[in-house]
Amino acid sequence: TLVLTEDKERPEAEIVASAETVTCSTPEVELTVKTDVDCNYFWTGVGGEEAKKQTIKVSKGDTYQVFVESNVNGCITTLDYTLDEKTDLPVVEITASAEKVTCNPNTLTASGAKTYVWSTGDTTESTQVTEGGIYTVEGTNEYGCKATAEIELEADQLIPAISLIGCAICGIGAGIMWPGS
């Protein structure tokens, strides 16, 4: 006599991600099915041979689904994994302490990001400039996304002109006459 036993046990499996979120600094995340039995895999939304792999690489936030089929009994487990995405660029802005660069330094201050790198070489939120020109700053947010801002400042560093009006050889009591007097 032939005795048949019933095996309807679905494979126990889970999806493990190399990161929880797709970001600018982590643009690709691996999703791996972990199981203790020999299985076949089919990922939905993934094309070609990649869909049949135990590990896939993804580059956008979405809900990924995989069918895990046991090679022992043909039973299938369905798993879903939702991957978040944070790839928005920061909105970096520059403000200047004055409209023009004068004899005094002009302070440029960046906002909208977490870290900054200025064209002056500074890596702080603010930098001081003493010459006219175009200044840029690259800002990076907490997800590694980068954006750049620039500002152009004119130089207004003219030294006031003083002219002496009077005689070439002056006697006692001669004075200096200022323009307009």
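## Basis of the description

Because the model is predicted, local features are given only where pLDDT is at least 70 and side-chain atom pairs count only at pLDDT 80 or more, whereas totals for chains, interfaces and linings use all residues. Residues are numbered from 1 along each chain as its sequence is written, and side-chain values rest on heavy atoms, with hydrogens and water left out.

## The open sheet

An open sheet of mixed pairing is formed by four strands in the order β2-β7-β6-β4, where strands are DSSP runs (E, at least two residues) numbered from the N terminus and two strands pair if DSSP finds at least two bridges between them. Its edges are β2 (21-23) and β4 (39-43), each of which pairs on one side only. From one strand to the next the twist averages 30°, with axes taken as lines fitted to C-alpha atoms and angles running from 0 to 180 degrees between N-to-C directions.

Not counting residues up to four places away in sequence, Trp 43 touches residues including Ile 15, Leu 31, Val 33, Ile 56, Tyr 64 and Val 66, contact meaning heavy atoms within 4.5 Å.

## Cysteines and the disulfide

One disulfide (a pair of cysteine sulfur atoms within 2.5 Å) is found in a search of the whole structure, and it joins Cys 24 to Cys 145 with an S to S distance of 2.0 Å. Because Cys 24 lies in the loop between β2 and β3 and Cys 145 in the loop between β13 (133-140) and β14 (146-155), the pair ties together parts that are 121 residues apart in sequence. The torsion about the S-S bond is about 90°, so the disulfide is right-handed.

Cys 24 counts as partly exposed at 30% relative accessibility, whereas Cys 145 is buried at 0% (buried means under 20% relative accessible area, exposed over 50% and partly exposed in between, with a 1.4 Å probe and protein chains only). Cys 39, at 7%, and Cys 75, at 15%, are also buried.
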